[in-house]
Amino acid sequence: MEQHTHNHVDVFICGSGSAGLCAATWLARYGLTCKIVDWRPGPLEVGQADGVQCRTVEVFDSFGIAEELLREAYHVLEVTFWSDDGEGGIVRSSRAPDREEGVSHMPHVILNQARINGLLLGAMNKFNGQVVDYDYAVKSVEVDSKAASDPDAYCVTVTTAKHGNEEVFKAKYVLGCDGAHSAVRKSLGFKMIGDSTDSVWGVMDVYPRTNFPDIRRKAALQSQAGSLLIIPREGGSLVRLYIELPSGTTAKDVKLEDLQASARKIFHPYETEIAETYWWSAYSIGQRLADHFSKDNRVFLTGDACHTHSPKAGQGMNVSLQDGYNIGWKLASILKGQAKPDLLKTYNLEREKVAADLIEFDRGFAKAFASKSVKDGVNEKKFSELFVQAGRYTAGLTSRYGDSLITRAEWSTQSLASNLTVGMRFPSTQVVRHCDAKAMQLVKALPADGRWRIVVFAGDIRDGLAAERLNKLAIYLSSVKSPVSKYTPAGADVDSFIEAILVISGKRIQIEQDQIPNYFWPVTGKYRMRDIHKTFIDDESYNNGHGKAYEFYGVDPKAGALAIVRPDQYVSLVTGIDELELIGQFFDWFAVGRPRSDQFDLEDIVKMG
C-alpha cells in the first residue's frame with residue numbers, strides 16, 4: 001500500500017449510521033468540522049430500521065428538521081392485538097392507543113432509516129458544509145495513553161484504506177459508530193458480552209394483497225402457527241412484517257419463500273399474497289453489551305458497536321441516534337473551550353445504563369412476544385398489557401441520567417417542579433409568547449444550538465413578592481459574580497452560552513414589557529436589537545385554548561421554580577428562584593472560565609442599545 005502523511009483532525013467519526021450522523025450534526029451546529037468516514041460507496045439506500053420513537057422526533061425538532069420527517073412518515077396512532085381463536089386461526093382481541101396521551105408533544109412515526117439519515121446529512125451540511133467521506137475502511141485505532149492526559153494532544157491514531165491507499169489520521173477524539181462488527185471496538189480489544197437465543201425471526205418489506213383488516217395498523221399477531229408484528233410503512237402501501245420462524249431454523253438458511261409461507265400461516269384464515277418484496281432479511285435474536293464503552297476518555301463507542309438486541313421494540317436506530325445526541329454536544333463544548341474534558345465521563349455514566357436497561361427490556365419483550373409464550377400459557381391479555389405498559393419506554397421517554405458534573409438531583413428541590421424530573425428530558429406543553437401572543441410549545445424555546453438554559457417559573461409578577469424575587473435573580477445574573485459573566489467570552493452576546501427563559505403566570509394583557517427585568521430581554525445580535533422573544537406566559541391564547549404549564553410542570557405559581565437545562569434538553573437542576581449561589585456553583589464544576597476584557601457589570605450590557 002502507498003502511505004500518506006498524517007492528517008490531523010479534532011474528531012474522527014467511524015461510520016455514518018444514526019449515531020455518527022447525529023454527533024456530526026451537533027458538531028456542525030457548533031460550527032465545528034470533523035472527519036466522518038464510512039466503508040459504503042455512498043449514503044444508505046435501504047435502511048433496516050424504520051421506527052422513529054417520540055423522543056427521536058423531539059431530537060429532530062431540536063435541530064429544526066422535524067417538519068419533513070412528520071410530513072413524510074407514517075404516524076402510528078393505534079396498535080391492535082390478535083390471538084389464537086382456538087380453531088386454527090386468529091381473532092382481534094383488543095386494541096389500544098399507540099402511546100399514552102400527553103407523554104410527548106411529538107408522535108411515534110415510521111420512516112425508512114435511509115431517509116432519516118438523509119435528513120441529518122442535510123442538516124449538518126446546511127449548518128457548516130459538513131459531509132461524509134465514503135469508501136473508507138477503518139483498519140485500526142490506537143490510543144497513546146500517556147499523551148491522552150494532555151487535552152490538546154492528537155493522541156489517537158486511525159489507520160484507514162481508500163481505493164487501496166493507506167491513509168493515517170491523528171485525532172483528539174474518535175467515535176466508533178461502525179456497527180455490530182465495529183473495527184474500532186476490535187482494535188481496542190473490547191468484547192461484546194451476551195448470547196444469542198434459538199429464536200430466529202425474518203423481516204420483509206412487502207406490498208401485500210390481503211383481506212386482513214388491520215394491515216394499515218401496527219398489529220401484534222400471536223397464533224399457534226407463530227408470531228408476527230405488522231409495521232405499516234410510509235406511502236400508504238408498503239408494510240413491514242416481522243415473522244417468527246419455526247424452532248430449529250438457521251438464519252443463514254432462510255429463503256424469502258420461507259418467510260412468505262410462514263406469514264400466510266400466521267394470517268390464516270385471512271388471505272395474504274405478496275405482490276412484491278422490497279427488502280428482506282433473517283436474524284437470530286441476541287442481546288449483547290460491550291465490556292467497555294470508551295478508552296482513555298478519547299475513544300468512545302456508540303450504537304450497535306456497544307449494544308445489540310432484537311429490532312421488534314423499535315429501539316436500535318433510536319438509542320444509537322441518542323448516543324450520538326448525548327456525546328456530540330459534549331465534544332463540541334470541550335473543543336469550543338466551554339467545558340472541561342471530564343465532561344466526557346458523563347457519556348459512560350449515562351449511556352451505559354441506558355444500554356443495559358435496553359438489553360434487559362429487550363430480553364423480556366422478545367420472550368413475551370414469541371409464540372412459545374402462547375403455548376406456555378401466557379395469555380394474550382397479559383402480553384397486550386405488557387405492550388401498553390412499555391409504551392413510555394418504547395417512546396424513548398424513560399431514560400433518567402444519574403448524578404454527575406452536569407446532573408444534580410442531590411442539590412435539587414424536586415418538589416418545586418414535580419414534573420421536571422432531574423436527569424430526564426424537559427417535557428413540553430403549550431405556553432403563549434408574551435411579545436406576539438403566539439401559542440407554542442415551550443420546548444421550542446430550547447433548540448439544540450449549544451446553549452445552556454435557565455428556565456425561570458417566576459409566577460405572577462404583578463404580585464410584589466414575585467416581582468422582587470425575579471428582580472433579585474436578574475441582578476445576580478447580570479453581576480460579575482454570575483456564571484454568565486464568568487463563562488461568556490468577551491465580545492459575545494450575553495445569552496450566547498447561558499440563556500434565560502422566563503415563564504410567568506397571570507393575565508398576559510395585564511403585563512407590560514417594561515415590568516420584566518431588562519436581563520430577560522437583552523440587546524443582542526448584529527443590529528444590537530432587544531430580544532423580546534424569551535418571555536412566555538401560562539395564559540389563554542386566541543385559537544389554541546389555554547396552556548396549563550404550571551400545572552403540567554408541577555410548579556406552584558406562588559413559590560415559583562428555576563430549572564437549569566442542558567443543551568440536549570435534559571434537566572440538570574431544579575431549585576428555588578432565590579438560590580442564587582447554587583446556580584453559580586453548578587456551572588463552576590464543569591465550565592471553563594472565559595475572562596472578559598470588560599469588567600463592568602452585565603447589567604450595563606443588557607441596558608445598552
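Setting aside neighbours up to four places off in sequence, Arg451 is in contact with Asp495, Ser496, Phe497, Glu499, Lys534, Arg566 and Pro567. Keep in mind that this is a predicted model. Arg451 itself sits in the loop between β21 (439-441) and β22 (452-459). Is Arg451 buried or exposed? With a relative accessible area of 18%, Arg451 falls under the 20% cut-off, so Arg451 counts as buried. The side chain of Arg451 also has a polar partner: a 2.9 Å contact links it to the side chain of Asp449.

Now over to His307, which is part of strand β19 (residues 307-308). Here the relative accessible area is 0%, so His307 is buried. And which side chain makes a polar contact with that of His307? That would be Asp323, at 2.8 Å. Asp323 turns up again among the residues that His307 touches beyond four places in sequence, alongside Met192, Arg288, Leu289, Val319, Ser320, Ala355 and Leu358.

On to the helices. Two packed helices are described by the angle between their axes and the distance between the axes. Here are those values for two pairs.

| Helix pair | Axes come within | Crossing angle |
|---|---|---|
| α1 (residues 18-29) and α4 (residues 113-128) | 8 Å | roughly 20° |
| α2 (residues 54-62) and α7 (residues 316-335) | 10 Å | roughly 40° |

Take α1 and α4. Their axes cross at roughly 20°, and angles under 35 degrees count as roughly parallel, so α1 and α4 are roughly parallel to each other. The crossing of α1 past α4 is left-handed. On the α1 side, the residues involved are Ser18, Leu21, Cys22, Ala24, Thr25, Ala28 and Arg29. They meet Gln113, Asn117, Leu120, Leu121, Ala123, Met124, Phe127 and Asn128 in α4. Sorted by class, this contact of α1 with α4 has nine nonpolar, five polar and one charged residues.

The α2 and α7 pair also has a left-handed crossing. From α2, the contact draws on Arg55, Thr56, Val59, Phe60 and Ser62, while α7 brings Asn318, Leu321, Gln322 and Tyr325. How do the residues of the contact of α2 with α7 divide by class, and how many are charged? Four are nonpolar, four are polar and one is charged.

Methods. Residues numbered from 1 in each chain as written. Predicted model: local features only at pLDDT ≥ 70, side-chain atom pairs only at ≥ 80, totals over all residues. Heavy atoms only, no water. Helix = DSSP H or I, 4+ residues; strand = E, 2+ residues; numbered from the N terminus. Buried < 20%, exposed > 50% of the residue type's maximum accessible area, 1.4 Å probe, protein only. Polar contact = N/O pair within 3.5 Å; in protein donor to acceptor, adjacent residues only side chain to side chain. Contact = heavy atoms within 4.5 Å. Axes fitted to C-alpha atoms, helices over the stretch in contact; angles between N-to-C directions. Parallel < 35°, antiparallel > 145°, perpendicular 65-115°, else oblique. Left-handed = near helix turned anticlockwise from the far one by under 90°. Nonpolar A, V, L, I, M, F, W, Y, C, P; charged D, E, K, R; others polar.
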